[in-house]
Each structure stands twice: as C-alpha cells, then as structure tokens.
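Okay, thanks everyone. Let's take a quick look at the structure on the screen.

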Amino acid sequence: MSEHPKRGRKPAPDTERKDRVIQTRVPKDLESTLKEAAERERVSVSHLIRNVLEDTFNLVDNIIADSAQLVDTVRRDASKLAASARRPELNTEGKQAQPTVEGPSIDDVEAWQEVLVNKPVPCANCGLILARGAKALRGLSATSGAASVWLCPPCLSKI
Ligand SMILES: [Zn+2]
C-alpha cells in the first residue's frame, strides 16, 4: 500500500516528532564510563547522553541569563554611584562652599590614644615630626572622616 520510503528523502509528517540520531565517536574508556553510568542510572546509554546534553545546555543557558542580569545590576549600581558622586557639585549654590580643610584641630579631639607611629607624622602642637616607631598620641575625634591629629607625648601636658 504505502510506497517504500526513499532513504533520507521527504520524511513523512509523523516522522517530524521522531528523535533524531546523532552519531559520535568516543574513545573506548569514555564508552565504558558511559555504559557504567547508564547502568547505574538504569537508563540506556543513549538516554544518558541525551540527559547530559540537555542538562549541560540548560545550565549554560541559565549561566548566560544570570550574567546578563549581573551586568545589568552592576551597571545600575555604577550609575547610582556616579550620580551621587556628582551631586555635591550641583548643590553649591545655597550652601557655603566646602569648608576649607585646615590642619586637623586639637579642639576636635575627644580622647588621645597612645600608639606607635608607622609613617612619619607631625605633632599638632609643636610640629615635631614623629618618626616610624615613635610613641605618639593619636586624637580620636567624633567627626568621622576627620584628618588624624597627632601629638608628641611631651606636648600632652602642654596643651
Ligand atoms: Zn609636640
């Protein structure tokens, strides 16, 4: 009744749903690994390979989707940062110009902490340069971001 299907030509409509066969050569040890894994999973080698391929491409798709989102988030964060970094310049009209940064003031210090200097620092009272390893007093200020105030130990009793 039905004519002989000619090999490789004009597949009948219902064959569209059939799975395609992809052949590949694998080294012998990979073949035995695949067979063992398939046995463990109680599936055919063909099924196992299909599962692995599907999982791999799903994984890759997800990773690509995630990185696209990550790039988006980073871009948004970066432009927020840039915007807030620019803001002070735009706000200068009403307010006074930025307070001129003078040397740190001893008046702002709430407490003195005895430390060993790592980089040379000047005493805020006498101007003596305290060298690395010297004992010094570092002023603790309530103003966050204030420049450090240093004092040489002899000056502590003079101020
Ligand atoms: Zn001093």
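A definition to begin with: two residues are in contact if their C-beta atoms, placed from the backbone, lie within 7 Å. With that in hand, C123 touches L128, L130, W150, L151, C152 and C155, leaving out residues up to four places away in sequence.

Some housekeeping. This is a predicted model, so local features need pLDDT of at least 70, side-chain atom pairs count only at pLDDT 80 or more, and totals for chains, interfaces and linings use all residues. Residues are numbered from 1 along each chain as its sequence is written.

Now the sheet. Strands here are DSSP runs (E, at least two residues), numbered from the N terminus, and two of them pair if DSSP finds at least two bridges between them. We have an open sheet of 3 strands in the order β1-β4-β5, with antiparallel pairing. β1 (109-116) and β5 are the edge strands, each pairing on one side only. In general, strands of a sheet pair through backbone hydrogen bonds, either parallel or antiparallel.

W112, for instance, stands opposite G139 in β4. β4 and β5 also run antiparallel, joined by 2 bridges. L137 has L151 in β5 as its bridge partner.

That's the sheet, then: β1-β4-β5, open, with antiparallel pairing.

Key. Helix = DSSP H or I, 4+ residues; strand = E, 2+ residues; numbered from the N terminus.
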